[in-house]
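The topics are grouped below for quick reference.

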Amino acid sequence: MKKLFVELEKDPRETRVALIPSDAKKLISAGWTVCVEKDAGLNAGFSDKEYEDAGAQIVGSEFAKEADFVVSIRKPSEESIKGYKSGSFHLSLLDPFNEKQTLKAFADANVTAASFEMIPRSTIAQKMDVLSSQSNLAGYCAVIRAAGLSNKIMPMMMTPAGTISPLKFFIIGVGVAGLQAIATAKRLGARVEAFDTRPVVEEQVKSLGAKFVKIDLGQTGQTAQGYAKELTAEQIEMQRKAMAKVCAQADVVITTAKLFGRKAPLLVTAEMVAGMKPNSVIVDMATAGGGNVEGSVADETVISANGVKIVGDTCLEAQVPATASQMYSANVVNFIGHFTKDGNFAVDMEDPIMKSCVVVKEGRIDDPRFQ
Ligand code: NAD
């Protein structure tokens, strides 16, 4: 019987857990022995007792040396990778473009490591796409955070005490997070405008009842994987100029613009922030990749000289850890299920999904991007 180990997240900012009790139960029924590090689910609202009731065992961190499959959310430390069993399999968000030392530690420990970020954007892989499940929640959380920081209400209200205008949102970057941010802001009654360099997005923005801001940047588009292409310096400048007016009128600006595997583009300059209204709010959802907003600080909320609150949380979805863990955990179970043949989990490198996400295989890092 194969042993699966759920690690306790060591990053103090992390509140999620990689596998929830009901999914532990599913894996146990499928023949796994599930061992959960003590208190792994506590911050997400899942007690050790709930895991035990589901049939899992509560263990210490040293259990890693016995496990065939280790799952976590964030990358494990190089020290803990040294304690992994040779020949085992690890799955988490490994940030492989930036964490080459971690990958080397996996190779040295002869562990096969799969990175959730590298799951392809295909229909069949959607059920195990952690970037989508977590970005979706992050988009929701960005709006809730902005609403909490704003000194005004979101919806329009017509009352005997007068008419209150709705809050104006401007969402920059309409991928998974941006679409959820639009939908959430609309549900709460805001007036929403949005922009993305991928022209296909316009219809999606309109279908959510928001206005698409038209900016002619010449040739833009998307890669075969569905990600935005990088703009030229001139195009970025044109974009900033056009967006400055929209930002100046907005109460809330949410930026989600990322370029997969590369630094995020700087889209809102300090000058544009200076042109915004006092007490307006910016949520920069790209701070982990360098940020879309000049002056934003990762995991901090700063206030500009003119009183604009700039939120730089790198993991907004950690604010809803029960839901975020539930979705991450479902992605994990779907991943394991997809690669289980005749009751056994197999690392099938002929499969395009496995081939894409395995970044270290039996001590080797073959992809030059990660060496
Ligand atoms: P992302 O997180 O890489 O980027 C967020 C958004 O920022 C994207 O929409 C991108 O176009 C935009 N952006 C980049 N540069 C910009 C700029 N200069 N100005 C304005 N916007 C800019 O993207 P994502 O949310 O992961 O999704 C990208 C696409 O992939 C979407 O179309 C999404 O629907 C698609 N997708 C498909 C699948 C699937 O088929 N399994 C899964 C997830 C996402």
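**Asp196 and its contacts**

The side chain of Asp196 reaches the backbone nitrogen of Val174 at a distance of 2.6 Å. The model is predicted. A further backbone nitrogen, that of Arg198, lies 2.8 Å from the Asp196 side chain.

- Asp196 sits in a loop, with strand E10 (191-195) on one side and helix H7 (201-207) on the other.
- Asp196 counts as buried because its relative accessibility is 10%, and the cut-off for buried is under 20%.
- Both Asp196 and Arg198 are also among the residues that come nearest to the ligand.

**Ligand surroundings**

- There are 22 residues around the ligand, and those that come nearest are Arg121, Val176, Asp196, Arg198 and Gln239.
- By class, the shell around the ligand holds 8 nonpolar, 9 polar and 5 charged residues.
- The side chain of Arg121 places an N or O atom 2.7 Å from an oxygen atom of the ligand.
- For Val176, a polar backbone atom is 2.7 Å from an oxygen atom of the ligand.
- A polar backbone atom of Ser122 is 3.1 Å from a nitrogen atom of the ligand.
- On its own the ligand has 840 Å² of accessible area, and the protein covers 87% of that.

**Strand E4 and its partners**

- Strand E4 spans residues 69-74 and is mostly covered, with 6 of its 6 residues buried.
- Strand E1 (residues 3-6) runs parallel to E4, and 3 bridges join the two.
- Within this pairing, Leu4 has Phe69 of E4 as its bridge partner.
- Strand E5 (residues 89-93) also pairs with E4 in the parallel sense, over 4 bridges.
- Here Val70 is opposite His90, a residue of E5.
- E4 is therefore a strand with 6 of 6 residues under the 20% limit for buried.

**Helix H10**

- Helix H10 covers residues 321-338, which makes 18 residues.
- From its first C-alpha to its last, H10 reaches 25 Å, close to the 26 Å expected at 1.5 Å a residue.
- The buried residues of H10 include Pro321, Ala324, Ser325, Tyr328 and Ser329.
- Further along H10, Asn331, Val332, Val333, Phe335, Ile336 and His338 are buried too.

Conventions: Residues are numbered from 1 along each chain as its sequence is written. This is a predicted model: local features need pLDDT of at least 70, side-chain atom pairs count only at pLDDT 80 or more; totals for chains, interfaces and linings use all residues. Side-chain values use heavy atoms; hydrogens and water are left out. The expected span of a helix is 1.5 Å times one less than its number of residues. Buried means under 20% relative accessible area, exposed over 50%, partly exposed in between (1.4 Å probe, protein chains only). Two strands pair if DSSP finds at least two bridges between them. A residue is near a molecule or strand if one of its heavy atoms lies within 4 Å of it. A polar contact is a pair of N or O atoms within 3.5 Å; within protein, one must be able to donate a hydrogen and the other to accept it, and residues adjacent in sequence count only if both atoms are side-chain atoms. Accessible areas come from the Shrake-Rupley method with a 1.4 Å probe; for residues, only the protein chains shown count as cover. Ala, Val, Leu, Ile, Met, Phe, Trp, Tyr, Cys and Pro count as nonpolar, Asp, Glu, Lys and Arg as charged, and the others, Gly among them, as polar.
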